[in-house]
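Subject: Structure for your review

Dear colleague,

Please find the structure below, together with its sequence.

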Amino acid sequence: MLVKDAQLLVVDGATEIPGGWIALRDGRVAAVGGPGSEPASVARTVAATGRLVTPGLINTHHHLYQNLTRSFAPAVNGTLFDWLTTLYPLWSGLDAEAVHLSTYVGIAELLMGGCTASMDHLYVHPRPRLVDAGIRTAQEIGFRFHATRGSMTRSVEDGGLPPRSVTQTDDEVLADSERVVTAYHDPSPGALIRVALAPCSPFSVTKELMVQTAELAERLDVRLHTHLAEDPDEDAFCQETHGCRPVEYFESVGWMTDRTWVAHCIYAHDDERARLAAAGVGVAHCPSSNMLIGGGTAAVREMRALGMPVGIGCDGSASTDHASLWMEARAALLLARYRGGPGAMAARDALDMATRGSARCLGRDDELGHLRPGACGDLVVWNTHEVALAGSFTDPVEAWLRCGPSRAWTTIVGGRVLVDRGEPQLPELAEKLRDHARVARRIQRLK
């Protein structure tokens, strides 16, 4: 496959080719080059005439099942804990069909927003084998998917937030975590499916589970993920329950390792960020969620200056209410500049976070997040309407984020076209949307 005539081909943070082209073979990048040097014989040509081409964006934090409760009126104006306690009872209605449909629709939305790889943090388990339904859906579509086997074991009765109906015992979690890794995790280069272990948060699982999950991840050689330092209430909980701040607790249970990436990390102090960075812990920055919940935002500029892997995440479809990595990259740009001034971030910094930074969080910066020869063939040809771009001549990357809205014209995952001319190439999408509406109404307890 040849993608040619790009206005600008962004290969990585150091290489941009005006009028560039990229050739894909066997799901990998075979070559890149400038105008006039294209291969003569190709099986398929994708015209990117006048359009920006970038590596596919990578989503480092998401809860796909939550698109079943988007903009749920009783929860939209609450704090994080209010929001959670309102929705936990609804999420107890999740079953395999609900996970399949929310994953299918969520992946379609991610693809339209230029995402070619995403994690999914499924931590609500009112019924068994829900993770399996999500993984099988991603396999069906051909999407690059990092499933994280989430968990909650501390119910309201145990001093936590969720009802008993959505929690499990430590033994259930550990046994199923190993089962899911054994059944689905593919460590081979170019893998579409990988699995990580992901207790939900310090306030929703026991200390014993945090310790044993870290030990299990080490034994199985998989990555670790959790929420960390997301909310001031988390500080209070950790002080009361464990006698320390969240980052200190995180370190005490064996999670301070370079196999770990965490979501949010808003309320870490300077010395705590330095310790996290020294250990190689990555952070999934979720700007829209931060703003909609109103709970502060990560010190992204400072983290990146420390060398910490910082990626972009959509967060849950019920808190952010969308799954566009383009929107998240733009929100990251705006929020950083609002917080730190006009020199705090440029469009290329936001793109770097959404590609190379995110790939580092997932442990895949060797083959994702860039388009150098040998990388996975994951890329996006972007579409921004000519009216929105009118007058923007000097910098197509800045225009991509500043002018918008932008969405994918072509999204390619592993050399397969999954969005063509702006439309997902998913023949069953209309049917899935109808079924999704039916299930979402059931879960929201609507007539």
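In which sense do strand β1 and β6 pair, and over how many bridges? The two strands run parallel to each other in this pairing, and three bridges join β6 to strand β1, which covers residues 2-4. Please note that the model is a predicted one.

The pairing of β1 with β6 belongs to an open sheet of four strands, in which the order is β5-β4-β1-β6. The pairing within this sheet is mixed. At its edges lie β5, residues 28-33, and β6, residues 45-47, and each of these pairs on one side only. From one strand to the next, the twist averages 20°.

I turn next to the cysteines. How many disulfides does the structure hold? The number is zero. A disulfide is counted where two cysteine sulfur atoms lie within 2.5 Å. For cysteine 238, the nearest cysteine sulfur belongs to cysteine 244 and is 6.2 Å away, so cysteine 238 is in no disulfide. Cysteine 238 has a relative accessible area of 0% and is therefore buried.

Cysteine 361 is likewise in no disulfide, because the nearest cysteine sulfur, which is that of cysteine 286, is 10 Å away. Is cysteine 361 buried or exposed? With a relative accessible area of 0%, cysteine 361 is buried.

Yours sincerely

Technical notes:
Residues are numbered from 1 along each chain as its sequence is written. This is a predicted model: local features need pLDDT of at least 70, side-chain atom pairs count only at pLDDT 80 or more; totals for chains, interfaces and linings use all residues. Side-chain values use heavy atoms; hydrogens and water are left out. Two strands pair if DSSP finds at least two bridges between them. Axes are lines fitted to C-alpha atoms, for helices over the stretch in contact, and angles run from 0 to 180 degrees between N-to-C directions. Buried means under 20% relative accessible area, exposed over 50%, partly exposed in between (1.4 Å probe, protein chains only).
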